[in-house]
2 protein chains.
Amino acid sequence: MSSNRDIDALIDMMAKLPGLGPRSARRAVLHLIRKRALLLTPLADLMQTVAATARECVTCGNVGTSDTCDICASPKRATGELCVVEDVADLWAMERSGVFKGRYHVLGGTLSALDAVGPEELRIPKLISRVTDESITEVILALNATVDGQTTAHYIADQLGADLRVTSLAQGVPIGGELDYLDDGTISAALRARKQV
Amino acid sequence: MSSNRDIDALIDMMAKLPGLGPRSARRAVLHLIRKRALLLTPLADLMQTVAATARECVTCGNVGTSDTCDICASPKRATGELCVVEDVADLWAMERSGVFKGRYHVLGGTLSALDAVGPEELRIPKLISRVTDESITEVILALNATVDGQTTAHYIADQLGADLRVTSLAQGVPIGGELDYLDDGTISAALRARKQV
């Protein structure tokens with residue numbers, strides 16, 4: 001490619017990131033080299049820092065710089081509500097909305113017979129022990145509205161038992177969504193869950 | 001986002017790379033953090049190395065790790081042919097095809113009245129001095145088939161004078177291209193430049 005070993009290695013490595021391919025990795029690396037004092041050196045330094053400090057929260061699975069993440073460490077978040085998400089990215093998406101004030105539990109994926117992912121791979125045992133240890137009153141299953149996500153939600157609801165409030169996110173028309181562009185499944189779900197005005 | 005300063009800064013920086021946005025930057029950073037020993041640390045090290053060693057070739061504008069790039073330094077490439085490209089990425093694309101055996105000259109863009117890019121911004125004076133200094137016999141204008149690219153090609157051809165062979169890449173149907181998917185301009189160019197079988 002560039003006939004230079006280090007630059008080629010950097011392009012190969014960048015090309016393996018999710019969302020980037022060989023072509024966009026080449027563009028990104030050329031951009032970084034062009035602005036190496038302004039971009040490449042600070043980016044490398046920041047990556048070193050994050051690589052040295054980032055770790056998973058032992059309680060919820062969120063990514064932060066201490067063994068217990070800021071959310072789990074904050075006494076303000078001990079509301080008795082636990083929001084179960086598939087992924088750290090989903091936790092961050094929930095936090096951006098700024099509405100949920102409780103704590104989180106990151107599963108690390110969904111149950112999948114095809115990929116041989118069982119409850120033990122998913123921090124589900126940890127979730128069940130947290131529910132008793134932290135005197136949780138409501139578990140909100142904020143899993144993706146996919147087949148695997150919903151299967152996982154049903155499994156968790158079964159495991160948690162009946163003496164606990166278990167809820168899931170509402171399904172319906174997204175804010176700003178136009179009916180004409182929505183799939184049939186969303187429209188029928190929104191119709192079934194219709195509310196009196 | 002992650003409520004962590006360093007991780008947020010890393011996401012912001014990655015989001016500014018061409019081809020990445022906030023969402024793909026978050027995905028990429030989470031992927032890197034998950035595999036920090038395997039990916040993030042080596043990537044940071046490699047970026048440090050490239051930031052310290054990468055520089056532009058003083059002769060052709062290619063990116064490499066010495067003041068004169070491998071292509072300009074190689075005596076085998078002194079064929080008297082000079083291939084003019086807009087960008088380092090274009091040079092690399094030409095090199096991947098493996099057909100051209102001469103040397104390159106990277107313009108660093110195209111002439112553009114709109115963006116106030118004149119010949120001085122484009123290493124065109126350097127090109128003209130190279131043509132005499134390196135006893136060039138043919139200049140191949142491998143510029144993009146865009147309006148700006150073709151304007152620049154015409155300008156350079158005018159500047160180089162008549163005592164030199166100036167050629168440009170052939171225009172026509174790309175290999176594997178289906179006529180039905182090609183634009184009218186390409187088809188008419190291919191028809192005008194038709195060859196006897």
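The following paragraphs describe how two chains are arranged and joined in a predicted model.

In this predicted model, local features need pLDDT of at least 70 and side-chain atom pairs count only at pLDDT 80 or more, while totals for chains, interfaces and linings use all residues. Residues are numbered from 1 along each chain as its sequence is written, chains are lettered from A and ligands numbered from 1 in the order in which they are written, and side-chain values use heavy atoms, with hydrogens and water left out.

Two copies of a chain are related by a rotation about an axis and a shift along it. Here, chain B is superposed on chain A by a rotation of 180 degrees with 0.0 Å of shift along the axis, at an RMSD of 0.1 Å, the superposition being made by least squares on the C-alpha atoms of residues with pLDDT of at least 70 in both copies. That is the relation of a two-fold axis. Among the residues of chain B, A44(B) comes closest to the rotation axis, its C-alpha lying at 2.3 Å.

With contact taken as heavy atoms within 4.5 Å, 51 residues of chain B touch 51 residues of chain A. Between them the two chains bury about 4,900 Å², of which 72% is on carbon and sulfur atoms; buried area is the accessible area (1.4 Å probe) that two parts lose on being put together, summed over both.

Two salt bridges are found across the interface of chain B and chain A, a salt bridge being a side-chain nitrogen of Lys or Arg within 4 Å of a carboxyl oxygen of Asp or Glu. D87(A) pairs in this way with R34(B), the closest N and O atoms being 2.9 Å apart, and the side chains of D87(B) and R34(A) meet at 3.0 Å, N to O. The latter pair runs from the loop between β3 (81–85) and α5 of chain B, where D87(B) lies, to helix α2 (residues 22–34) of chain A, which holds R34(A). Helices (H or I, at least four residues) and strands (E, at least two) are DSSP runs, numbered from the N terminus. Over all chains, a search of the whole structure finds nine salt bridges.

UniProt, in an unreviewed entry, lists "zinc finger region: C4-type" at residues 57–72 of chain A, and positions are given in the numbering used here, with feature names shortened and annotations that may be inferred rather than shown by experiment. Over residues 57–72 of chain A the chain is 19% helix and 12% strand, with the end C-alpha atoms 8 Å apart. For "domain: Toprim", the unreviewed entry in UniProt gives residues 80–174 of chain A, a span that is 36% helix and 18% strand and whose end C-alpha atoms lie 28 Å apart.
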